[in-house]
Each structure stands twice: as C-alpha cells, then as structure tokens.
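This report describes selected local features of one protein chain. Please consult the sequence and the structure shown below while reading.

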Amino acid sequence: MPETIESTMPTIDKPFRKTGDPAELTSESPLHPRRASRRIMVGPVPVGGGAPISVQSMTNTLTANVPATLQQIAELTAAGCDIVRVAVPSQDDADALPEICRKSPIPVIADIHFQSKYVFQAIDAGCAAVRVNPGNIRKFDEVGPSICKAATDAGISLRIGVNAGSLDKELYAKYGGPTPEALVASALKEAHMFEDVGFHDFKISVKHHDVITMVETYRLLASKGDWPLHLGVTEAGPAWQGTIKSCLAFGALLAEGIGDTIRVSLSAPPVEEVKVGCKLLEYMGLRPRKFDIISCPSCGRAQVDVIQLASAVTEGLKDVTAPIRVAVMGCIVNGPGEAREADLGVASGNGKGQIFIKGKVVKTVPEDQIVDTLLTMSQEMAAQMEADGQVPAGATGPVVVPIQHPNHSAR
C-alpha cells in the first residue's frame, strides 16, 4: 500500500516558541554588514536580528483542498522553502487551517484580507504567523488591538505592509501614486498602529513591481526603524522576467545588508520561486553552496553545441542535491581552467571531451558520450557524498529552465 501524505510528512513541534526569543543562529553577508533589525519568530524560524535569511513561497492550491495543499507544501519543503503562506479568502479555507498547520513540515502563514474573523481563526488554528493588511481589513481601528492581543497570547508574529496595488487612496492622492515616500508612509502608519498598543512582533513588506521603486522604498524604510523586512517584487511577471527583476532588486538590497526574509514572486509554479530564491542566496554568499552547474556561453570558438550540451546535463542532474559543482565547457580557451576548478567538469573540442575530477584529467571520451559520462560520474559522486553524510539538510538541485532547440543536434 503506498504511503500517504499524512504518513510521510513530519509535523513541526507545537506550541511555537514565543516570538523574539534570543537565539545564537546568525548569518553574515560577505558583501556588507547585515542591517541591525529586531528578531521575531515565525514558528521555529527566526526572522531578523541577523538570523539566516529565510525563503518563502505561497501555495496556489485551493486551501480548503487539504490533500492538495499539503502535497504542494511537501514539494516546496523539498525544494528548500522555509516558510509557506496559504490564502484564506473563505470560511472553508479557514476551516482547513488546523489540519494543514498540524501536518505541515514548515511554518504556515495565513494570508488574510478583508475579513478580520479569519485572523482570529488562523491564530486559533495554530498558524505560525498571519499576514494582515490593515488597509483592507474592515474596521481595523476597532479590531487591531484585539488582533495584537490574540497574537501575543498565542506567541506568534504578524506581517504587515503594503503593495503598490493596495495603497491607501489618501496617500495615493497626497504623493501622486505609489512612490517610495507613499509606500513608506503607509508602512509607518501601520507600524505605529501596532506599536501604540504595545505589539512589536511583526515584519514589514513594501512591495512594488518596479525594481528601482522597490529598492528605493526598502532603503527608505530601512532607515526609519529596526523592523525585520520581508523583501518582494510584487507581480514580478513570468518566470524569466520575474527572476531577473527579483534578482536585481534582492541583489541590490542584500548587498547593502537589507532584508531578512524573501519571496520571489513568479507567474510560475511555486516550487520555481523557491529554487530561484535559494540559488540567489547561495550566489550572494548568504547560504552554503549546494549543487551548481557552470557552463560557458555559446561563441564562435565552441566546437560543440554548448547550449544543447549544458541543457542536457542540467536536465539530467535536476534531482541531484549533493553540494558539487559541475562545469560544462565548450572550447580550449577557458574550458580546461574552469573544468579544473570544478568538482567534475568537461572541456570539449575536436570531437571529444576531457573529463576532470578535482582538477585532474581522468579520461577522454568521444563527444557523443560526454553527457552520459557526466551524468553517471555526477550521480556516483553525489551518492558517495550522501553515504558520507556530506549532503546538508534541505539541499536543492539546480534551477532548470527547459530550452527547446528543435533545429539543434549534437555535432
């Protein structure tokens, strides 16, 4: 009998630790000192205060469909997701939260808009945090203090903030649109709303679809206080466009030490958001290096179809998670040097490929055997590392973007 989601998915310990507990776990950037921010907790995951930058995503299933939602959370977890958000627009979705929270292997944040009653249900259901937008919660001035008290009693945190598309009409008119000043004014208004009743366990997001506006907004907000910041480029677009925009914006801010948790927003499966987010942090030196493929660009010096070769190797190794670096090189100029620096590599040309392991040539194979040789040797190397306990928990495979070349074939 096949295993079910319920039998294979671990549960996270309950109850959650109180937010803001001190913890020794910290992460520093090799590019710039991390901005000083206060620490909150999202379940067992610390956010802010120098804690490692966490990767978030959001399910796109109907939350009320518990098996489908849990299955997607399992896939996100396997891809390296630290925190997951689920939408709660209906009573059926709110009713599903207790089971989802109980069985999810990572902390669950309830995404609440308009109906404040769902906030209280999410807290009672065991959610690790609640995303609440005070600007679109009915009668928030009346219910806000009660939300803060409920969150305090449960030991959970909140996320507040504004997206460019949900800016308060008065601020929109005052500043002439969702400018950095308008977005920050909105965020400060919300922050003071919470702090005035003694609640401090929240993070803030001020998301915009434009890279420059988003970066300027977070820089301005970061200068105003010590709140932990959730980075996001909202409505970033399809996979390629959204990836580029998110990497530009996050890279600029993280290089300045700004940002405590991130979500890459893509019009793509949520797992792809997580893969991009994890790799971004790896390449910024903010997470340990895991599996990586380097390959040269196509150029007139190449004596093989580098695009086809790199695509085939990447696709064939998409499930490898061991922290190895594979180099796929197509000419004699940079190829041998780059292949020599990788754990495993090939320098191709003249109808053959030299295979390198840890800087040494171990064999030369015909061109039509390069892919199979690299796949076999990579998998053997990964299996040995797994056996030796060298594969870190939560390790992820490469980001795979399928590239179709109907007119290309290996030479």
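## Helix α8 and its N-terminal cap

In this predicted model, D210 caps the N-terminal end of helix α8, with one of its side-chain oxygens 3.3 Å from the backbone nitrogen of I212. Helix α8 covers residues 211-222. Its twelve residues span 16 Å from the first C-alpha to the last, close to the 16 Å expected at 1.5 Å a residue.

The buried residues of α8 are V211, T213, M214, V215, T217, Y218, L221 and A222. An α-helix has 3.6 residues a turn, so residues three or four places apart point the same way. The packing partners of the buried α8 residues are α7 (180-195), β8 (202-207), β9 (230-232) and α9 (239-254).

## Strand β5 and its burial

Strand β5, residues 108-112, is mostly covered, with five of its five residues buried. V108, A110 and I112 point one way from the strand, whereas I109 and D111 point the other way.

## Neighbours of β5

On β4 (residues 83-87), four bridges connect to β5, and the two strands run parallel. Within this pairing, V86 is opposite A110 of β5. Together with helix α3 (residues 91-103), strands β4 and β5 form a right-handed β-α-β unit.

Strand β6 (residues 129-132) also pairs with β5 in the parallel sense, over four bridges. Here I109 has A129 of β6 as its bridge partner. From β5 the chain passes through helix α4 (residues 116-125) to reach β6, in a β-α-β crossover that is right-handed.

Conventions. Residues are numbered from 1 along each chain as its sequence is written. This is a predicted model: local features need pLDDT of at least 70, side-chain atom pairs count only at pLDDT 80 or more; totals for chains, interfaces and linings use all residues. Side-chain values use heavy atoms; hydrogens and water are left out. Buried means under 20% relative accessible area, exposed over 50%, partly exposed in between (1.4 Å probe, protein chains only). Two strands pair if DSSP finds at least two bridges between them. A crossover is right-handed if, with the strands pointing away from the viewer, the path from the first strand over the helix to the second runs clockwise. The expected span of a helix is 1.5 Å times one less than its number of residues. Contact means heavy atoms within 4.5 Å. A polar contact is a pair of N or O atoms within 3.5 Å; within protein, one must be able to donate a hydrogen and the other to accept it, and residues adjacent in sequence count only if both atoms are side-chain atoms.
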